[in-house]
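Look at the sequence and the model first.

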Amino acid sequence: MAFIHRDGSIGEEARDALLIFVSLSRQNDTLANIITSKSNVSPVLATGLSGLYSVLPRKLDFENDCYRLSPANIEDVPELNNFLASVELCNAVAKICHKTVYDQLLDYLYHGFLLPVVGPALSSTIPFFTK
């Protein structure tokens with residue numbers, strides 16, 4: 001699990017292995033139980049997103065006046081590329097895993113990433129979210 005959020009070939013191999021592993025849980029209740037009770041798959045995915053989010057640049061300067069990111073823009077910002085790759089990994093895991101693994105992953109993403117990390121970031125940058 002230590003290499004899941006790394007870029008390069010080592011990270012790709014670790015992500016591929018994780019996807020194979022969790023896909024096996026879809027049809028095996030025992031493996032799904034082991035993943036949820038004795039492994040750190042969900043916490044590592046959620047905390048990895050938090051870590052990658054924390055190193056994102058606070059401002060993106062692109063020369064177009066449109067408020068959307070093109071694939072070229074994403075490639076120009078390696079931190080953003082790594083973060084989006086991690087989001088895609090979480091999405092892939094959620095699509096192919098057992099329901100109990102899915103439920104645990106969503107719980108960790110919600111309580112370990114969205115609420116404590118994204119929530120305060122949104123409320124500090126968008127005035128109508130503040131109380």
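**Basis of the model**

This is a predicted model, in which local features need pLDDT of at least 70, side-chain atom pairs count only at pLDDT 80 or more, and totals for chains, interfaces and linings use all residues. Residues are numbered from 1 along each chain as its sequence is written, and side-chain values use heavy atoms, with hydrogens and water left out.

The predictor's confidence in each residue is given as pLDDT, from 0 to 100. The chain has an average pLDDT of 87, and 90% of the residues score at least 70. Where pLDDT is low, the predicted coordinates should not be read in detail.

**The chain as a whole**

The secondary structure consists of six helices and zero strands. Helices (H or I, at least four residues) and strands (E, at least two) are DSSP runs, numbered from the N terminus. Along its principal axes, the C-alpha trace spans about 50 × 40 × 20 Å. Of the 131 residues in the chain, 29% are buried; buried means under 20% relative accessible area, exposed over 50%, and partly exposed in between (1.4 Å probe, protein chains only). Contact means heavy atoms within 4.5 Å. Among contacts between residues at least 6 apart in sequence, 62% join residues at least 24 apart.

**Helix packing**

Two packed helices are described by the angle between their axes and the distance between the axes. Axes are lines fitted to C-alpha atoms, for helices over the stretch in contact, and angles run from 0 to 180 degrees between N-to-C directions. Angles under 35 degrees count as roughly parallel, over 145 as roughly antiparallel, 65 to 115 as roughly perpendicular and the rest as oblique.

The axes of helix H1 (residues 9-25) and H5 come within 9 Å and cross at roughly 20 degrees, and H1 and H5 are therefore roughly parallel to each other. At this packing, Arg15, Leu18, Leu19, Val22 and Ser23 in H1 meet Leu89, Ala92, Val93 and Ile96 in H5.

H1 also packs against H2, at an angle of about 125 degrees and with the axes 7 Å apart. This makes H1 oblique to H2. Here Phe21, Val22, Leu24 and Ser25 in H1 meet Leu31, Ala32 and Ile35 in H2.

**Aromatic rings**

How many aromatic pairs does a search of the whole structure find? It finds three. Rings of Phe, Tyr and Trp (its six-membered ring) pair if their centres lie within 6.5 Å; planes under 30 degrees apart count as stacked, over 60 as edge-to-face and the rest as tilted. Two of the pairs are listed here.

| Pair | Centre to centre | Angle between planes | Type |
|---|---|---|---|
| Tyr53 and Phe113 | 5.9 Å | 80 degrees | edge-to-face |
| Phe83 and Phe113 | 6.2 Å | 45 degrees | tilted |

Tyr53 lies in helix H3 (residues 41-54) and Phe113 in helix H6 (residues 99-125), so their pair ties together parts that are 60 residues apart in sequence. Phe83 lies in helix H5 (residues 78-96), so its pair with Phe113 in H6 joins parts that are 30 residues apart in sequence. Ring pairs link Tyr53, Phe83 and Phe113 into a cluster. Phe83 and Phe113 are both buried, Phe113 with 5% relative accessibility.

**Asn81**

Asn81 is found in helix H5. Is Asn81 buried or partly exposed? Asn81 is partly exposed, with a relative accessible area of 27%. Leaving aside its neighbours within four places in sequence, Asn81 is in contact with Ile74 and Glu75. Asn81 and Pro71 are 10 residues apart in sequence, and their C-alpha atoms are 9.3 Å apart in space.
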